[in-house]
Amino acid sequence: MEKMWLKYTLLVEREAEDRFVAEVLTSPYTLGWIEPQIEVLTTENGYDYAENTDGPVVGYLFEPMQGSEEEHVERLSGYLARWEGQVTVKEVELVPEENDSWKDEFREVQVGDWWIAPTWTDPQALEAAKHILWIDPGAAFGTGYHGTTQDILLFLQELPLTGKRVLDIGTGSGILSLYCALNGARRPVWAVDINPQSEYQVLVNASNNHLPESSVNVVIGDALEPEVEKLLPKPFDLILLNIGGDEDIAMLPVVERHIAPDGLVILSGIVEWNRVHVLTTYEKAGYQLEKERQSDEWVTFMLRKRR
């Protein structure tokens, strides 16, 4: 008999997202992935994407079916009660264990001269693509849809990366780290993430892009913790942070200890109403704004450490 699973589609308020992901990884549930609410639009040039930046993100949990669906949903409702309405159930589906229908939710997306695409993409959809970064979504955050990731990738495409020592804090599925490794950065690129699933997903995506496992060295943990930071070498020519405005500020001491003279820092995850605070904090620490991008309310800075 085919084993069946329950797939729960959840709506997660953005302010609860980090805590939800951290806690659910130690729960009896299997976290599939977290993504913004994306609307796929058909245009005369193909496909485009519109992100709902006002509402909650979408999360997917899985659980093997044992007993009645009503019993499972009741237990899940009790588990979610700790988030006091910030995490709610949108849909419950019964799916086969080997169900691949979720793959339909992820499509290729163009960012500058590069395309980000899952490995199951129809080859015809990428016939005109010059450069492809193969990224399969998993339990680690990072699909390439989010404006912060895209704006960092656009900045990276403007930079000479050959020989650069790169640190990627908040690497998720490894999109930025792998891009750097593919484009001449010194290997290994160093990557940090609090999600234990990140290391596995980065290794999967390294293989997808025909990179050896040694291309990216993933450190699991919070870079603010001394035992995690001491694992990181120094200095770095380029540090990437896509973790949130307040988190970018909190990470400044780590950046200071690991940035090379005249090194570059790319900060993202910053909402426009926090822009001045983040920028002023880094400028006071000796960083000069070189470039800035904005997608919807999300702001991305490229800053250089003054000598």
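In strand S8, the residue Trp115 is the bridge partner of Gln110. The model in which this pairing is seen is a predicted one. Strand S8, which covers residues 114–117, is joined to strand S7 by three bridges, and the two strands run antiparallel.

These two strands belong to an open sheet of three strands, arranged in the order S7-S8-S9, in which the pairing is mixed. Strand S7 and strand S9 stand at the edges, and each has a single partner strand, so one side of each is left without a neighbour in the sheet. From one strand to the next, the twist averages 30 degrees. The table lists the residue ranges of the three strands.

| Strand | Residues |
|---|---|
| S7 | residues 109–111 |
| S8 | residues 114–117 |
| S9 | residues 131–134 |

A helix also takes part in this picture: helix H4, made of residues 175–182, lies across S8 and S9, and H4 runs at about 135 degrees to S9.

Is Ala223 buried or exposed? Its relative accessibility is 2%, and because buried means under 20%, Ala223 counts as buried.

Which residues is Ala223 in contact with, if its neighbours within four places in sequence are left aside? They are Ile169, Val192, Val228, Glu229, Met251 and Val254. As for one of these, Met251, the C-alpha atoms of Ala223 and Met251 are 7.7 Å apart in space, while the two residues are 28 residues apart in sequence.

How values were computed
Residues numbered from 1 in each chain as written. Predicted model: local features only at pLDDT ≥ 70, side-chain atom pairs only at ≥ 80, totals over all residues. Heavy atoms only, no water. Buried < 20%, exposed > 50% of the residue type's maximum accessible area, 1.4 Å probe, protein only. Contact = heavy atoms within 4.5 Å. Pairing = 2+ DSSP bridges. Helix = DSSP H or I, 4+ residues; strand = E, 2+ residues; numbered from the N terminus. Axes fitted to C-alpha atoms, helices over the stretch in contact; angles between N-to-C directions.
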